Amino acid sequence: MNASTPSPAQNQASTTSLYGGVTNRRVTVRDLAAAKQRGERWSMLTAYDALTAGVFDEAGIPVLLVGDSAGNCHLGYETTVPVTMDQMVMLSAAVVRGTKRTMIVADLPFGSYQESPAQAMHNAARLMKEAGVGAVKLEGGERSARSIELLVEAGVPVMAHIGLTPQSVHALGGYPVQGRGDEAAHQLLRDAKAVQQAGAFAVVLEAVPAELAAQVTEQLAIPTVGIGGGPDTDAQVLVWTDMAGMTAGRVPKFVKQYADLRAVLGDAARAYAEDVRTGAFPAAEHSFH
Ligand code: KIV
């Protein structure tokens, strides 16, 4: 077998659960297509560093997204808009290094693909060659279809993102629910079909009414990944810092918080500081003699 021949493991889409079925290689777009055929739901989380990504990989999360939500959830910006390609490459490479099995999807940040399909291709290639990700994500339906087509023709798996597109926060005047009303619902369906037609392997539906997300999911052959799209999409994604309770302040209505890491970490830091103050740390067992 030469370097370009896929191994038997790479050649086979998992026919069992995504969680238990893929143990000796990374999850691929074919596994996700097979999961849609079986009607199996799957989960995606964001990740921005090697350590956290490793925890999610071990937990069996089949797809991790190096989202440009890194802007507000990791890098301290107010929105995703300032995130650069260099930052995305650095964070994505760390997530790839920290994982073995999960598929890594990286966001093309604002300004890195909107100019032209050629610009999208240039920056998608950077994420694949310099960071080693398995797929890229970009925002926009009909307006991004030509770029998706070019990337897919060139061998880049593309996840599309429609509904609420956070890179347009300034044009939208915030983060309003999308697809409400007949005209907006028809546009969302047109966007979903356009990205599927262009070759996207999956599409994120953000902040859209549950009934509309269900309708899109039924009409598409590719998996839909909901975030604020109700219970009937093929997959769900959450920002990890929201899901685990690391985010300060209010989180969106669609978030379920599965842990309170902010409190756990704060308590640990306070206990450590108190031990240092009182001399309880370091004790004999932490010292060399
Ligand atoms: O950047 C991100 O985290 C995302 C998810 C909200 C889907 O795009």
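**View A. Packing of helix 10 against helix 11.** Helix 10 (residues 182-198) and helix 11 (residues 210-219) pack with their axes 10 Å apart and at an angle of about 30°, where axes are lines fitted to C-alpha atoms, for helices over the stretch in contact, and angles run from 0 to 180 degrees between N-to-C directions. The two helices, helix 10 and helix 11, are therefore roughly parallel to each other, given that angles under 35 degrees count as roughly parallel, over 145 as roughly antiparallel, 65 to 115 as roughly perpendicular and the rest as oblique. Ala185, Leu188, Leu189, Ala192 and Lys193 of helix 10 meet Leu212, Gln215, Val216 and Gln219 of helix 11, contact meaning heavy atoms within 4.5 Å. The model is predicted, so that local features need pLDDT of at least 70 and side-chain atom pairs count only at pLDDT 80 or more, while totals for chains, interfaces and linings use all residues. Residues are numbered from 1 along each chain as its sequence is written, and side-chain values use heavy atoms, with hydrogens and water left out.

View B. Eight strands close into a barrel in the order 1-2-3-4-5-6-7-8, with parallel pairing; two strands pair if DSSP finds at least two bridges between them, and helices (H or I, at least four residues) and strands (E, at least two) are DSSP runs, numbered from the N terminus. Neighbouring strands of this sheet are turned by 25° against each other on average, direction ignored. Strand 7 (residues 224-227) pairs in the parallel sense with strand 8 (residues 235-238) over two bridges, and Val225 has Ala235 in strand 8 as its bridge partner.

**View C. Helix 6 over the sheet.** Helix 6 (residues 85-97) lies across strand 2 (63-66) and strand 3 (103-107), and runs at about 155° to strand 2.

**View D. Crossing of helix 7 and helix 8.** The axes of helix 7 (residues 117-131) and helix 8 (residues 145-153) come within 8 Å and cross at roughly 45°, which means that helix 7 is oblique to helix 8. Pro117, Ala118, Ala120, Met121 and Ala124 of helix 7 make the contact with Arg146, Ser147, Leu150 and Leu151 of helix 8.

View E. Phe56 and Trp240 form an edge-to-face pair, 6.0 Å centre to centre with 65° between the planes; rings of Phe, Tyr and Trp (its six-membered ring) pair if their centres lie within 6.5 Å, and planes under 30 degrees apart count as stacked, over 60 as edge-to-face and the rest as tilted. Phe56 belongs to helix 4 (residues 50-59) and Trp240 to helix 12 (residues 240-243), 184 residues apart.
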